[in-house]
Amino acid sequence: MSGVFYEVPSGETVDVKPFHMAVTGITQHGKTEVLKTLMEWVRDKGFTVLVIDVKDKTLGDPDFAEYPHIPIYMEEVAEPLPLLGLLESDAKMQLKFQFPELIKACQRSRTLVEIRDRLQAVVEGGKIHPVRKDKAEVLLLLINRLIEEIQRVPVSGRLELQKGMINVIGLANQGFSEAYKQIVVRAVIHEVRSKYSSIVTFFDEAHIQIPEGYGSASKDWIKRTIKEGASSRQFLVIADQTLKDVDKDVITQCPIKVFGGQTGGRLEAERTVQYIPVRGDLKAEDIMTLKLGHFYLSTREWTKLVYARPTWLSREEAQRIAKGEVEPDSEEIQKFRARALSFSKELSQVIHEVEIYGEAKTYGEDLQSGYEERLQSLEELVVGVWPR
Ligand SMILES: Nc1ncnc2c1ncn2[C@@H]1O[C@H](COP(=O)(O)OP(=O)(O)OP(=O)(O)O)[C@@H](O)[C@H]1O
Ligand SMILES: [Mg+2]
């Protein structure tokens, strides 16, 4: 029993095997919640889980703030083709006229700084045609911006993964550009591809990494993993609100699709139906009227309407929702979420305090009774109300 998906209206659990997955649904449909349940599910199956959190939130904490984080890992991009994809998506325009100049600057360069210096030399060089100078200046501007951003935050030269655990690389809410996010995803997926097996990599906002109609620095490695990753049990789970901006091939090649509501427009709902291989008489209306946390779960053999259990909900309650006995947005259900949230806030506060006391203790400072008290309340918290 996987405990992720419950069929509507029978309430029976639906089992799938870990594989590449695509998750969609309009804002607030429940994508992030289903991603978290999937993360814990594959981890419990023995996989290493890697989440690259690229989603900037206008309100509140980053999506995966409650999971263990590892340092940002990156490798510079100095090959002309991925670098071109990167600069194009950064500039939001094609740079095909600048490409020859970029190739020249990349020759014999191993870092972005070297590439920058060579472009600088072109711009400052004496006899140079103004058109060539112009192209070099555009590239110089974009590369300078990238170098500044890379130097802003300390990164690790090693992917510090904890095997069999959930690992989050946090790129959210720090003002990173899409180009920067692509460089990190490219480096991480490249590293995972060559060194790890039994690993599932998750990322939201898939249009940044695999845009439709544009290049990106990370696209080639993502496509390679989708095509060849299964033999070494390297899987990707990608999510986005809609399908229209995401590379069609990649979505089509994801064997498992988890498609949620599209209430905004008929067009996107129709597009969603088109991506479902076994669709029977499924219509755009069905996609447009999906309830919170409900998805069409689609494999190459079948499609089922399911309710996805959030991590904070018991299997019994999830089953009741799938059977239609209680609504997912009802107060009765949402109070479980509020309870889980306040529990995890309180827990991390108490852990923090215990750690501070512990540190003070190692330095022989006077503790009075505070430490023992906090330890006591930590124990009570964990024993009394552990949600699962
Ligand atoms: N399966 C579910 N059952 C009940 N409530 C849910 C479920 N999934 C999500 N919710 C509720 O809906 C809210 C939004 O969910 P979530 O953050 O997963 O949406 P999202 O699709 O990721 O949205 P966005 O695209 O804006 O990131 C949650 O805070 C929760 O209250
Ligand atoms: Mg979300």
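**Chat: ligand contacts and helix packing**

A: Starting with the ligand, in this predicted model a polar side-chain atom of Lys55 sits 3.0 Å from an oxygen atom of ligand 1.

Q: Okay, and which polar side-chain atom lies 3.0 Å from an oxygen atom of ligand 1 besides that, say from Gln241 or elsewhere?

A: Gln241 has one: a polar side-chain atom there lies 3.0 Å from an oxygen atom of ligand 1.

Q: What about Gly30, which part of that residue faces an oxygen atom of ligand 1?

A: The backbone. A polar backbone atom of Gly30 is 3.0 Å from an oxygen atom of ligand 1.

Q: How many residues surround ligand 1, and which are the closest?

A: There are 19 around ligand 1, and the closest are Thr27, Lys31, Thr32, Tyr307 and Gln334.

Q: Switching to helices. How do the axes of H4 and H5 cross?

A: H4 covers residues 112-124 and H5 covers residues 130-152; their axes come within 9 Å and cross at roughly 150 degrees. Angles over 145 degrees count as roughly antiparallel, so that is what H4 and H5 are to each other.

Q: Left-handed or right-handed, that crossing of H4 and H5?

A: Left-handed. On the H4 side, the contact includes Leu112, Val113, Ile115 and Leu119, while on the H5 side Ala136, Leu139, Leu140 and Ile143 are among the residues involved.

Q: And by class, what does the contact of H4 with H5 look like?

A: It has 13 nonpolar, 3 polar and 4 charged residues. Arg116 of H4 is one of the residues in that contact, and Arg132, Lys133 and Glu137 of H5 are among them too.

Q: What angle do H2 and H5 pack at?

A: About 90 degrees, with the axes 11 Å apart; H2 is residues 80-91. That makes H2 roughly perpendicular to H5.

Q: Which residues meet there, between H2 and H5?

A: Leu83, Leu86, Leu87, Asp90 and Ala91 in H2 meet Leu139, Leu142, Ile143, Arg145 and Leu146 in H5. Split by class, the contact of H2 with H5 has 8 nonpolar, no polar and 2 charged residues.

Q: Then how do H2 and H3 pack?

A: Their axes are 10 Å apart, at an angle of about 130 degrees, so H2 and H3 are oblique to each other. The crossing of H2 past H3 is right-handed.

Q: Which residues make the contact of H2 and H3?

A: From H2 you get Pro80, Leu81, Leu83, Leu84 and Leu87, and from H3 there are Phe99, Leu102, Ile103 and Cys106. By class, the contact of H2 with H3 has 9 nonpolar residues, with no polar and no charged ones.

Q: Now the backbone. What's up with the phi of Lys92?

A: Lys92 has a positive phi, about 55 degrees, although it is not a glycine. Most residues other than glycine have a negative phi. You'll find Lys92 in the loop between H2 and H3, the latter being 99-106.

Q: Last one: cis or trans, the peptide bond that joins Val8 and Pro9?

A: Cis, with omega at about 5 degrees. Pro9 is in the loop between strand E1 (5-7) and strand E2 (13-14).

Terms used. Residues numbered from 1 in each chain as written. Chains lettered and ligands numbered in written order. Predicted model: local features only at pLDDT ≥ 70, side-chain atom pairs only at ≥ 80, totals over all residues. Heavy atoms only, no water. Axes fitted to C-alpha atoms, helices over the stretch in contact; angles between N-to-C directions. Helix = DSSP H or I, 4+ residues; strand = E, 2+ residues; numbered from the N terminus. Parallel < 35°, antiparallel > 145°, perpendicular 65-115°, else oblique. Left-handed = near helix turned anticlockwise from the far one by under 90°. Contact = heavy atoms within 4.5 Å. Nonpolar A, V, L, I, M, F, W, Y, C, P; charged D, E, K, R; others polar. Near = heavy atom within 4 Å. Polar contact = N/O pair within 3.5 Å; in protein donor to acceptor, adjacent residues only side chain to side chain.
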